[in-house]
Amino acid sequence: MRKEIIVNSSPNEVRVAIMEDGEVAEFSMERSESRRIVGNVYKGVVTAVRPGLQAAFIEIGMEKAGFLHVSDLIHDDPDDDDDGGRGGRRRRRGRREGLRPIETMLKEGDELLVQVTKEIIGTKGPRLTADVSLPGRFMVLMPKGDHVGVSRKIEDRKERHRLRDLLAGMKPDDEGGAFIIRTAAIGIEARMLQRDMEYLRDAWKQIQSTAHTTRAPAVVHEDVGLLIGMIRDIFKDDIDGLIVDSREEYNELVQHVRNFSPDLKERIRFYDGDVPIFDKYGVEQELKRSLERKVWMRRGGFLVIDETEALVAIDVNTGRYTGRKNQAETIFKTNMLAAREIARQVRLRDIGGIIVCDFIDMDTEEDKRKVLNELRTHLKRDRARTKTFPITDLGLIEMSRQRVQQSLKDRLSDDCPYCGGGGQVLSTDTLANKVERLLLKLAAMHDEKAVQVRANPTLALILMTDRANGLQSIARSTGIRIDVVDDPRLHREQFQIVSLHRRKDLVAEIEKSASEGREAVASQQGRGDSRRRPAREEERPDRERGGRIRRRDGDDDESSRSRGRRPARGETSERSGSSDRPERHGRPERQSGSDRPERGDRPERGERAERGGSGRSVRQERPDTQERPERQERPDRQERDQRSRRRDPDRDADRVTDSNLRAASSDATHPA
């Protein structure tokens, strides 16, 4: 397999792509205003200790405090370890057993050296460890340890023993610190190992000296930049070449390689072509496709990749691939291609955390095993640690991948300012229905003669064309003139219903009143129903009989009016000419024939009948309404009631209010 490193350098950012057989397998970038912090060492201050989490929050001088778990406070000495790249070693879960509580090890205000192992991701601060590790070209130094080890990725037994013996002979017995051999040391001479060990020792001494004289919080050691880190961690014998398009970066890389690996100098080449280097090697087009959900594969199949907060879901589909022989073979070949592409996509997109792959269902266990092995084989090329689990009964493969920084999608893009990152907005039908409901609602709550609906041009067009008949129907039923105006400044989901008389947004008033109503209901439920129940039980019998609510002893007319009740019966009797009439405790018997008085004998009731017999008209005839003239100064409400009655006479004929029932009962018992 041919492997190349393509470097595109500009004043604002440096981009690095790793090519495998002509395909982009991995991508990294570093911008001048946001340099990576993984590997940096800080002198921090403990700001909070959380026994419930068994963790502490450390202030290191960044916008978010770092997170330090109790298991990252100590160091153990395993026989073997990882390379130390991609943000440090694996945090072994075995260290959690037998640990002292963190509140006995740290307290607020303590100062300590910590190293960043994971950058800020979303709302979470950087992940920290107190077990500092310093990676070199051929080995990793861990000052808190006291052992020698060899990377697990070196599988040759003879080479492992050779490197271990060389390292053990170089390390003095009285000197602390653990050293782990990296895969780049395969076949290396002893003098190169010695030079790397001395470099790491000097770096640790410098860190200790800086930390002693620096006031926390502060950075005491910055890891090398992206390019030098690539040379240190990736540029090995299996790399066929490194091509860079910047003369300055080319000279820096050549100088660095001369000091550590002179044999690699000839593999570094300078690119001075007219076509941009990423366009020349097809990297730009691949980066564009890496931001899409759908990934097409050979033979017509495709993947759908969805990144969520909890996990990443990858769905496999046959697409246009129909196969040649049978369905089982088509499914198996599609899954095999998907296994290779999934391994490449998680590296390219730098997807971390939990990943669930939904392969097409396979019938035989042998096919399932082959697909799983294919996925694991291609994941071995990944520098990040991955763990894959067997295929479940539902045909799912669950895997986890080390997360050190944000995914490529998060680094290259921002949330959509229009939809807020959700990827969807309300449909125009939903919004149009909402407008119509609010128009009907405000007609019942406000006395408006004309309103203006201001909406985004997309929604306004729907209201003026497809929903024009509906708005006209609402205007006829409510008596409100409705105008629709488009406003490009409004979001697609935003609209306003403005009163043309008061020049106020009625939608805001409706939402405010609804919010106040919910708060009032919540407060009443909090107090309980004990205070309201006696009054309601006292009022219920009269309401069931259709009569008036009786005034309790001791209530005067003023208190009745303040509570919104009708005056006492004495006043009503005076209006009808029988002030000494006793209170009725039941519905009187109906009178028939000539005993029933004619309505023409009662002019005041005739006037009420002409006005429609509504309860509102009855209240307007009472003497106490003279004290509140504002009720009589509402002709617009009367006009609207009259228009409503003219539109639907059957409704008024069927509707009998309590006041009409009481009037009929009173006339039948006491004729004028």
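What follows is a set of questions about the labels used for this structure, with answers.

Visitor: What kind of model is this, and how are residues numbered?

Guide: This is a predicted model, where local features need pLDDT of at least 70, side-chain atom pairs count only at pLDDT 80 or more, and totals for chains, interfaces and linings use all residues. Residues are numbered from 1 along each chain as its sequence is written, and side-chain values use heavy atoms, with hydrogens and water left out.

Visitor: What does the protein average in pLDDT?

Guide: pLDDT is the predictor's confidence in each residue, from 0 to 100. The protein averages 78, and 74% of the residues score at least 70. Over residues 87–94 pLDDT stays under 50, and the model has 22 contacts beyond four places in sequence for them. Residues 534–635 also stay under 50, with 95 such contacts. Contact means heavy atoms within 4.5 Å.

Visitor: How many helices and strands are there in the protein?

Guide: There are 21 helices and 24 strands. Both are DSSP runs numbered from the N terminus, of at least four residues for helices (H or I) and at least two for strands (E).

Visitor: Why is Thr428 called buried?

Guide: Buried means under 20% relative accessible area, exposed means over 50%, and partly exposed is in between (1.4 Å probe, protein chains only). Thr428 has a relative accessible area of 17%, so Thr428 is buried. Thr428 is found in helix H10, residues 428–445. Leaving aside neighbours within four places in sequence, Thr428 is in contact with Thr458, Leu459, Ile462 and Arg492. In the protein, buried residues make up 44% of the 672 residues.

Visitor: What makes H10 and H11 roughly perpendicular to each other?

Guide: Helix H10 and helix H11 (residues 457–464) pack at an angle of about 65°, and their axes are 10 Å apart. Axes are lines fitted to C-alpha atoms, for helices over the stretch in contact, and angles run from 0 to 180 degrees between N-to-C directions. Angles under 35 degrees count as roughly parallel, over 145 as roughly antiparallel, 65 to 115 as roughly perpendicular and the rest as oblique. H10 and H11 are therefore roughly perpendicular.

Visitor: Which residues meet in H10 and H11?

Guide: Thr428, Leu431, Ala432 and Val435 of H10 meet Thr458, Leu459, Ile462 and Leu463 of H11. By class, this contact has six nonpolar, two polar and no charged residues. Ala, Val, Leu, Ile, Met, Phe, Trp, Tyr, Cys and Pro count as nonpolar, Asp, Glu, Lys and Arg as charged, and the others, Gly among them, as polar.

Visitor: Why is H7 called roughly parallel to H8?

Guide: The axes of helix H7 (residues 327–348) and helix H8 (residues 365–379) come within 9 Å and cross at roughly 25°. That angle makes H7 roughly parallel to H8. The residues in contact include Phe332 and Met336 of H7, and Val371 and Leu375 of H8. The contact of H7 with H8 divides into nine nonpolar, two polar and four charged residues.

Visitor: Is Phe57 buried, exposed or partly exposed, and what makes it so?

Guide: Phe57 has 26% relative accessibility and therefore counts as partly exposed. Phe57 has its place in strand E5, residues 55–59. Beyond neighbours within four places in sequence, Phe57 is in contact with residues including Val45, Thr47 and Phe67. The C-alpha atoms of Phe57 and Val45, twelve residues apart along the chain, are separated by 8.5 Å.

Visitor: Why does Asp21 count as exposed?

Guide: Asp21 has a relative accessible area of 52%, so Asp21 is exposed. Asp21 lies in the loop between strand E2 (13–20) and strand E3 (23–31).

Visitor: What is the phi of Asp21 near?

Guide: Phi of Asp21 is near 55°, a positive value in a residue other than glycine. Most residues other than glycine have a negative phi, and most peptide bonds are trans. Arg503 also has a positive phi, near 60°. Arg503 counts as exposed because its relative accessibility is 56%.

Visitor: Where is there a cis peptide bond?

Guide: The bond from Ala216 to Pro217 is cis, with omega near -5°. Pro217 has its place in the loop between helix H2 (190–213) and strand E13 (218–221).
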